[in-house]
2 protein chains.
Amino acid sequence: LVTLYIGFALTLPERALIANIRRRAGSGQGSRLSRGIGDDCAVLRLPQKHEALLTTDFSLEGIHFRREWHPPEAVGHRCLTRGLSDIAAMGGEPRTAFLSLALPRGLPNSWVNRFFDGFLRLARQFHVPLAGGDIAESPSGVLADIVVLGSVPAGKSILRSGARPGDRIYVTGELGASSAALAQLFSGGKRRLRPADYPRHFFPVPRLAVGQFLREEGMASSMIDTSDGLSTDLAHICEESGVGARLEAGLVPRAVVARSKTPVDIRLALHGGEDYELLFTARPKKRIPGRIKGVRVTEIGVITHGRRMELVGPEGKVEGLEPMGWQHFGK
Amino acid sequence: LVTLYIGFALTLPERALIANIRRRAGSGQGSRLSRGIGDDCAVLRLPQKHEALLTTDFSLEGIHFRREWHPPEAVGHRCLTRGLSDIAAMGGEPRTAFLSLALPRGLPNSWVNRFFDGFLRLARQFHVPLAGGDIAESPSGVLADIVVLGSVPAGKSILRSGARPGDRIYVTGELGASSAALAQLFSGGKRRLRPADYPRHFFPVPRLAVGQFLREEGMASSMIDTSDGLSTDLAHICEESGVGARLEAGLVPRAVVARSKTPVDIRLALHGGEDYELLFTARPKKRIPGRIKGVRVTEIGVITHGRRMELVGPEGKVEGLEPMGWQHFGK
């Protein structure tokens with residue numbers, strides 16, 4: 001599966017790299033994985049009466065991260081979180097991960113090792129073996145594409161399309177922490193931030209336990225993760241469900257970051273991406289706990305008829321809410 | 001699943017692109033695909049008592065193709081072939097494809113449309129719906145990562161690790177056609193080749209029917225596709241099976257390309273990659289047809305004890321055979 005692309009000059013380092021990945025990934029492989037790295041495909045057995053879930057997400061240097069801003073462990077961790085969070089948003093269980101990784105010539109070995117430190121630490125935490133992928137030379141920068149294969153009891157996925165007018169809108173955790181870090185980085189004041197000050201930006205943990213709980217309890221009518229930002233991800237639910245939404249600005253849980261005493265600006269909480277929280281809806285009669293698996297859950301609005309998204313401001317003023325996902329690291 | 005990465009400036013074209021892909025991909029979706037493009041994950045049901053097969057492969061501009069050499073249709077076609085051929089090499093059936101695609105700013109829409117023309121034509125031919133993926137801005141050049149999910153009756157995959165001393169070695173089709181095109185392109189004589197002169201380079205068709213036949217008939221003890229070149233792919237079988245191999249140079253089927261009357265140089269047939277033929281072994285008592293599903297099958301050598309690969313020359317002279325996969329398009 002790890003297809004070895006051999007230029008004459010690359011044979012040895014690529015082989016050594018694959019042998020190294022294979023050795024390190026091997027320890028995490030579960031019994032359901034018949035074949036891992038070292039064949040044309042990975043071979044996997046899914047639980048009976050389960051459906052497969054599959055998601056792919058790029059992590060591209062200069063677009064999704066910058067090497068001068070993000071420690072290699074954070075790049076590896078965030079890469080896997082992107083995939084795991086999509087599984088969480090379906091209420092699913094992750095089974096295996098696959099990583100396509102293209103590396104530019106001259107990248108230090110230590111960078112790659114630290115990338116895998118971050119990646120494999122998160123993989124072990126959620127018992128997700130790295131079962132294969134592809135290794136190639138990159139024409140420019142580090143290029144990663146994460147694939148996560150998961151499963152869910154047949155017919156039980158929580159889709160984006162299940163919201164109905166009258167459903168309440170909920171979100172886990174707090175929003176805006178990740179984009180607050182971005183805002184700092186873009187402002188250029190500091191070239192590096194301390195990851196400990198912005199854990200939700202550098203080492204976001206996917207909400208798998210919450211997603212599975214909501215699916216098992218039949219609580220959520222629709223769900224998505226907040227990878228693109230609340231306004232954009234809510235727009236996806238509205239579009240797929242054919243509904244509108246009204247958010248209460250004052251209810252949106254805003255993160256408190258670094259040594260600040262006040263929460264982040266409401267615009268970061270509304271539009272900032274990459275918090276990897278869960279945004280879901282539930283029928284009005286469902287009682288949704290204020291805390292699930294140790295994670296805060298907040299009601300922030302209601303699904304409406306029509307296709308319009310609205311934001312209710314502090315003094316009851318209603319304005320239109322446009323999807324404005326936070327920009328990435330592009331030029 | 002198609003995660004919409006929105007920079008403010010990118011919102012409209014990316015949305016339009018995803019809507020376009022969705023519309024075009026929709027027509028090919030089979031009944032086993034519960035959810036396609038438009039959710040956090042694709043949801044798929046596999047046949048009962050089947051195992052999942054999964055493979056991922058990069059197609060990176062400047063590494064695996066060049067825009068000035070390869071028409072967009074060929075880039076799309078070859079991208080999908082890379083994934084389908086890995087499924088063929090396990091004896092499996094492809095179920096769905098996923099495409100992560102990063103596009104540089106300023107890439108003409110027509111290039112993207114023609115890429116999908118080539119990609120989706122091949123997808124339809126093999127009844128493989130495009131079920132999702134990721135779209136992003138590329139920091140440099142067109143970056144594609146293909147994921148194919150397939151399935152195979154449990155325990156019936158043909159692995160690289162099943163070869164035993166005494167097994168005969170077979171290959172489908174002819175070898176060296178794809179690298180002969182590369183050699184022409186690298187020589188700089190012609191900036192563009194006519195795809196009709198080098199169909200195995202520009203539009204290689206994966207050997208899915210042959211792979212499935214070999215699995216159903218229990219004929220092959222090990223198998224791999226010749227994506228890296230015969231010498232390198234045979235080395236993978238030897239390594240995974242813990243065996244050696246002896247090839248007869250005179251038996252290796254060499255392709256005849258363009259308007260040439262003679263077959264390609266033996267070095268292209270031995271080391272040239274990207275022919276996407278099947279290389280397999282079979283126990284000595286198995287009768288292997290000379291043609292399977294319309295494709296020529298040739299016996300080219302024997303699996304030996306030890307780990308050494310040898311090549312028997314025209315006058316019986318035996319020399320060591322080193323894995324020397326053909327180089328890609330790197331600088």
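Just after helix 3 of chain A, A:His127 adopts a positive phi of about 55 degrees. Helices here are DSSP runs of H or I with at least four residues, strands are E runs of at least two, and both are numbered from the N terminus. This is a predicted model, where local features need pLDDT of at least 70, side-chain atom pairs count only at pLDDT 80 or more, and totals for chains, interfaces and linings use all residues. Residues are numbered from 1 along each chain as its sequence is written, chains are lettered from A and ligands numbered from 1 in the order in which they are written, and side-chain values use heavy atoms, with hydrogens and water left out.

Back to that histidine. A:His127 is not a glycine, yet its phi is positive, and it sits in the loop between helix 3 and strand 6 (130-137) of chain A. Is it buried or exposed? With 67% relative accessibility, A:His127 counts as exposed; the cut-offs are under 20% relative accessible area for buried, over 50% for exposed, and partly exposed in between, using a 1.4 Å probe and protein chains only. In chain B, B:His127 has a positive phi near 55 degrees too, and its loop runs between helix 3 (109-125) and strand 6 (130-137) of that chain. B:His127 counts as exposed, at 66% relative accessibility.

For the helix itself, helix 3 of chain A has 17 residues and reaches 24 Å from first C-alpha to last, close to the 24 Å expected at 1.5 Å a residue (the expected span being 1.5 Å times one less than the number of residues). Its buried residues include A:Trp111, A:Phe115, A:Phe116, A:Phe119 and A:Leu122.

A nonpolar core is a set of buried Ala, Val, Leu, Ile, Met, Phe, Trp, Tyr and Cys residues joined through side-chain atoms within 4.5 Å. The largest one has 53 residues, and those with the most contacts inside it are A:Leu80, A:Leu99, A:Leu101, A:Phe115, A:Phe116, A:Phe119 and A:Leu214. Helix 3 (residues 109-125) of chain A gives the most to this core, with 8 residues. Apart from it lies another core of 52 residues, among them A:Val43, B:Ile21, B:Leu53 and B:Cys79. As for A:Leu99, leaving aside neighbours within four places in sequence, its contacts (heavy atoms within 4.5 Å) include A:Phe115, A:Phe116, A:Phe119, A:Leu130 and A:Asp145.

Over in chain B, helix 4 (residues 177-187) has buried residues including B:Ala177, B:Ala181, B:Leu182 and B:Leu185. The buried residues of helix 4 pack against helix 5 (199-202) and helix 8 (266-271) of chain B. After helix 4 comes B:Gly188, with a positive phi near 80 degrees. In chain A, A:His201 belongs to helix 5 (residues 199-202), and its C-alpha is 6.5 Å from that of A:Ala181, 20 residues away along the chain.

Here are some relative accessibilities together:

| Residue | Relative accessibility | Class |
|---|---|---|
| A:Cys41 | 0% | buried |
| A:His201 | 1% | buried |
| B:Cys238 | 3% | buried |

On the cysteines, the structure holds 0 disulfides over all chains, a disulfide being a pair of cysteine sulfur atoms within 2.5 Å.

How do the chains relate?

Overall, chain A has 8 helices and 15 strands, and 64% of its 331 residues are buried.

Finally, confidence. Chain A averages a pLDDT (the predictor's per-residue confidence, from 0 to 100) of 89, and 89% of the residues score at least 70. Over residues 27-31 of chain A the pLDDT is below 50, and this stretch has 6 contacts in the model beyond near neighbours in sequence. Residues 327-331 of chain A are below 50 as well, with 25 such contacts. Where pLDDT is low, the predicted coordinates should not be read in detail. For the complex, the predictor gives an ipTM of 0.89 and a pTM of 0.91.
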